[in-house]
Amino acid sequence: MSTLEVPVGTRELTLSQAVNEAIREEMRRDPTVFVIGEDVAEAGTPFKVLAGLVDEFGTARVIDTPISEPGFTGIGLGAAITGMRPIVDIMFGDFLTLIMDQVVNQAAKIHYMSGGALKAPLTVRTTLGATRRSAAQHSQSLHAWVAHVPGLKVALPATPYDAKGLYKAAIRDDNPTILFEDKMMFTQKGPVPEDEYVIPFGVADVKRAGEDVTLIATSSMVYVALDAAKALEDEGVSAEVVDPRTLVPLDRETLVASAAKTGRVIVIDEGHQSYGASAELAAAVSEGAFWSLDAPVRRLGAMDVPVPFSPPLEDQTVPTPERVVATALELVGKKRS
Amino acid sequence: MAATTDLPVARELALAMAERMLRIRAFEQQANQLYLSAKMPGLTHLYIGEEAVAVGVCSALRRDDTITSTHRGHGHCIAKGADVRLMYCELLGREEGYCCGKGGSMHIADHANGNLGANAIVGGSAGIATGAGFSAKALGTDRVSVCFFGEGALGQGLLYEVMNMAALWKLPVIYVCENNLYNEYTSYEDVTAGEITARAEAFGIPAEVVDGQDVFGVYEAATRAVARGRRGDGPSFLECRTYRYQGHHVGDVDRAYYRAKTEEEEWQATRDPILRIAGHVGAAAIDELREQVEREIAEAVEYALNAPFPDASEVTNHVYA
């Protein structure tokens, strides 16, 4: 069943509310869970995602820090390996660049380097995504950077349902996890069950079933793909939308199965296209479904330019439903010809 | 019984400190031999000359207190109570090593004894140590966290970020700066502005300069800092002035371009921490301990040289918990 349908016993939540609820429930469940970051307490983050947590849990567990990303990430890591489950809030994905030593050299490797003696159950929450007119240092989608490093787990929830379930899995995971939320999706609504559930990492979700072309899409690109699928329907093309949900671990089987079924694949991801997550996803289906493919796998990523400020410039840089439709028709057209 | 005057600590404790310092020195001398005889892969950074810092500080700690260590970390590991056999196994990449042979010299960790790991990024463990202090407080324990780092780490911004938060939140962290005078091959004076202790004092962290060759002096300063941490009064900073007898790493043998041979000789002849404790507990006691420790070290080396390497399948184990 697609997670976009509204079954009995659910309510509509925004993605922001779903993240908030997941963290709130885990903080109630486990007293070692805490949130640390810039303006996470009274401010509830600039996007208000964590609003109200401090009222329930106090400033000892929802901790405002100085503007010192490497410092509070390191403190989170140290707390993680000594019995706690921190959620480190990195306000913008662009600031991941500031914490790369703590994440890449320290958190990702500590379990392995210690021969399994130490564990780092650290959750990092951050953002990705352009088109908010935030220019080059607040708009990047850097998930491929961390997905490249063994020892880290990486999730890109697209729906409120997925966000809640993946957050709960991440917080309970004994490994460092990094979750990216698209800043443009915080008000995106979707059904979320009342009852407790957890979505394991490494399980892709077919957001829409189809026969002619597979659209593998991550994060907010899922909505781009769904819009494109709707438009393609009018053209008589049936598109399947598959959301990997987590890049690490990656559910290659579901991607390959869809590719084998439709024979045509477009990967849509908001990271820069060169050396991006889209390349790994495309390689996964090329390797796994080569003999079933009717056309080369296509990629639609962000343009290989710093994100520009000016709206008409910025809007060109990201994949759009129109580009997905055009690419899909091209793929199908080749088959018809 | 060897006569000494004004022993600042109980004789039993003094002898325990002497034994640990001797164990570190003997361990490092053998590590150097293993490297020179090509039996040890990679490289290593020897702690010889700095023994009083690790032993003085760790003698003030409980087993459940945590430390983070550096690329020059064997001394901290031994001082915190590690088994030298398992350490040699790690240095030689053997399965029985503390990290299954996956960490090596620069990443030894000994979780059971509170050693959260050596770190090959200069200053890289400042956050981890401060986080261990955070959890000590948040979980309602009275354990303390020690962050060992060389004076080279004073160049890293992370240290100041976490000292700021440790001071703000009164975390039980003891920042121990082992000032061995050289950032690799560069005199620290060439790259360090102002007074080192002033950097901690700027955050309101009590800081003191300690003679790092005097194990009792280090122990006393550490004891004060530990008590402060356990009381909930927050972090402390110790600058321990010490000296690295060997090069930055085992291959750094031609050192005349950055420091004079006479300087090295003077530190060894007049300020050696083991000679100094011998002056307190007596040469005979030291000789006896040295003999015992050297026998133990020789056996440990032999043990590790004969220990099996990890199975090839181990390469993918422990990537994820």
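This report describes contacts between domains, chains and helices in a predicted model.

## Basis of the model

Residues are numbered from 1 along each chain as its sequence is written, while chains are lettered from A and ligands numbered from 1 in the order in which they are written. In this predicted model, local features need pLDDT of at least 70 and side-chain atom pairs count only at pLDDT 80 or more, whereas totals for chains, interfaces and linings use all residues.

## Two domains of chain A

Chain A consists of domain 1 (13-193) and domain 2 (205-336), with bounds from an automatic or database domain assignment. Taken over C-alpha atoms, the domain centres lie 27 Å apart. In chain A, 26 residues of domain 1 are in contact with 24 residues of domain 2 (C-beta atoms, placed from the backbone, within 7 Å).

## Contact between chains A and B

Chain A gives 35 residues to the contact and chain B gives 33. On the side of chain A that touches chain B, the elements giving two or more residues are α3 (69-80), α4 (100-107) and α5 (110-113) of chain A. Helices here are DSSP runs (H or I, at least four residues), numbered from the N terminus. The largest share of that side, ten residues, comes from α3(A).

## A helix pair in chain B

Helix α2 (residues 51-58) and helix α9 (residues 215-231) of chain B pack at about 40°, with axes 7 Å apart. Axes are lines fitted to C-alpha atoms, for helices over the stretch in contact, and angles run from 0 to 180 degrees between N-to-C directions. In this pair, Ala52(B), Val53(B), Val55(B), Gly56(B) and Val57(B) of α2(B) meet Val215(B), Val218(B), Tyr219(B) and Ala222(B) of α9(B).

How values were computed. Contact = placed C-beta atoms within 7 Å.
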